[in-house]
Amino acid sequence: MPTRVGVSAVSWRTEDMMAGGLSFRNITALAPMVRVGTLPMRLLALDYGADVVYCEELIDIKMAQCQRVVNEVLQTVDFVAPDDRVMFRTCEKEKDRVVFQMGTADPDRALIVARLVEKDVAAIDVNMGCPKEYSTKGGMGAALLSDPDKIEAILRKLVAGVLIPVTCKIRILPSLEETISLVQRIEKTGVSAVAVHGRFKDERPRHPVHCDYIQAVTQAVSIPVIANGGSLDLVKTNADIEEFRKVTGASSVMLARSAMWNASVFSSRGPFPVEEVMEEYLKYAIRYNNHAFNTKYCLCQMLRDKVESPLGKQLQAAQTNAEISEAYGLQEFYRQTQEQLQVRRDALQSSSQPELPVMDGDVTTMAVKFERSVQHHCLKKTFTSFLCLLPIHLNVTNPNPNVYEFKILLSDSDSQQH
């Protein structure tokens, strides 16, 4: 990967943006939200008019252990942890507009993760504003605000090491001077934009957003500033987005809770009834095999004070996407989607028939498949001695990438005995 250093860092980044990269000027964006910013919500926000969508914060240590898997059944790219959990799932529809946000406190590890995902996302963002313990306890999130040297090291490493835009998201510091100084230092690293949540680290959504801080930051730097934090006070409808932009003077606006409650806030024709929005969300959750508990969580956020309604109670009792579909009257859509996925699964299986055994003297070469949970010592119980266990490739013929293909070379004596 080529290294770009010195004053040219800002210029090449600008040129890349002008050449067709993701722009952060005059956009509305879905903010990164833990448990909310998974693939169904991101696609829903794009459908309703969001220009850019951020995934939920994903921790670098976990992502660094993942393997990139092309899921041909769901037509997605999955980043799968050693325990088979899909940590990040994306698809072609959002490729040019999804920003991968990571939680990190280590420049080298941040770059490993950025390079792992950079071909499948439009930009990389570093979370420097989350005040929650799960983020700050590892020196990540808002903990970075007290270590500007580390902030600079992480961002410079990423800007020099990947070929897509790099951004970060911060909270404001105790004084306006400190905040401006930090953002100016961030700008010099060559990042493409900075999102500013207009609250202090110890403030919560019930506290008013400090638009004056965001405005001052906007005037102090030349890179795009994305205003965040206006959902409760200022942004309730689509028309309010432009007003928030004007009040802060920011280039762009990022929405979290107002979009979580009703993603049609991004639509100039909205808002649409939340029941309609929930159905569209659920269709994406079914289509992309979203985890049922995550689907339930997001739908409950949309229900808000109606979570104890008959629909809310049925939703809370549901344990699978099939049961959730029943609550929303989408049983037929669920059934048809499962049939379509099974057809695709069967087609993939039939197109990858195992090779026939090949005899060469006293050696037999044959293809076998086994579940990831099967350990090598289990194979040894079946084939008491073998010359070579050669991994060929990861073969995904269902939404859970858990099937490997191997070739095993057996001696003739072993073949006869077993």
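R335 is partly exposed in this predicted model, because its relative accessibility is 38%. Its salt-bridge partner is E332, and the closest N and O atoms of the two are 2.3 Å apart. E332 is likewise partly exposed, with a relative accessible area of 40%. Both residues belong to helix 15, residues 331-350, and because they are 3 residues apart there, about one helical turn separates them. Elsewhere, salt bridges with shared partners join D149, E152, R156 and R185 into one network. The whole structure contains 15 salt bridges.

E94 and R42 form a salt bridge, with 2.7 Å between the closest N and O atoms. This pair links distant parts of the chain, 52 residues apart: E94 sits in the loop between strand 6 and strand 7, and R42 in helix 2. Are these residues buried or exposed? E94 is buried, at 0% relative accessibility, and R42 is buried as well, at 1%.

The second pair is D78 and R89, whose side chains meet at 2.8 Å, N to O.

Finally, I return to helix 2, residues 39-48, which packs against helix 11, residues 274-287. Their axes are 9 Å apart and the angle is about 130 degrees, which means that helix 2 is oblique to helix 11. The crossing is right-handed. Among the contacting residues are M41, L43 and L44 of helix 2, and V277, Y281 and Y284 of helix 11. By class, this contact has 9 nonpolar, 3 charged and no polar residues.

Notes. Residues are numbered from 1 along each chain as its sequence is written. This is a predicted model: local features need pLDDT of at least 70, side-chain atom pairs count only at pLDDT 80 or more; totals for chains, interfaces and linings use all residues. Side-chain values use heavy atoms; hydrogens and water are left out. Axes are lines fitted to C-alpha atoms, for helices over the stretch in contact, and angles run from 0 to 180 degrees between N-to-C directions. Helices (H or I, at least four residues) and strands (E, at least two) are DSSP runs, numbered from the N terminus. Angles under 35 degrees count as roughly parallel, over 145 as roughly antiparallel, 65 to 115 as roughly perpendicular and the rest as oblique. A crossing is left-handed if the near helix is turned anticlockwise from the far one by less than a right angle, and right-handed if clockwise. Contact means heavy atoms within 4.5 Å. Ala, Val, Leu, Ile, Met, Phe, Trp, Tyr, Cys and Pro count as nonpolar, Asp, Glu, Lys and Arg as charged, and the others, Gly among them, as polar. A salt bridge is a side-chain nitrogen of Lys or Arg within 4 Å of a carboxyl oxygen of Asp or Glu. Buried means under 20% relative accessible area, exposed over 50%, partly exposed in between (1.4 Å probe, protein chains only).
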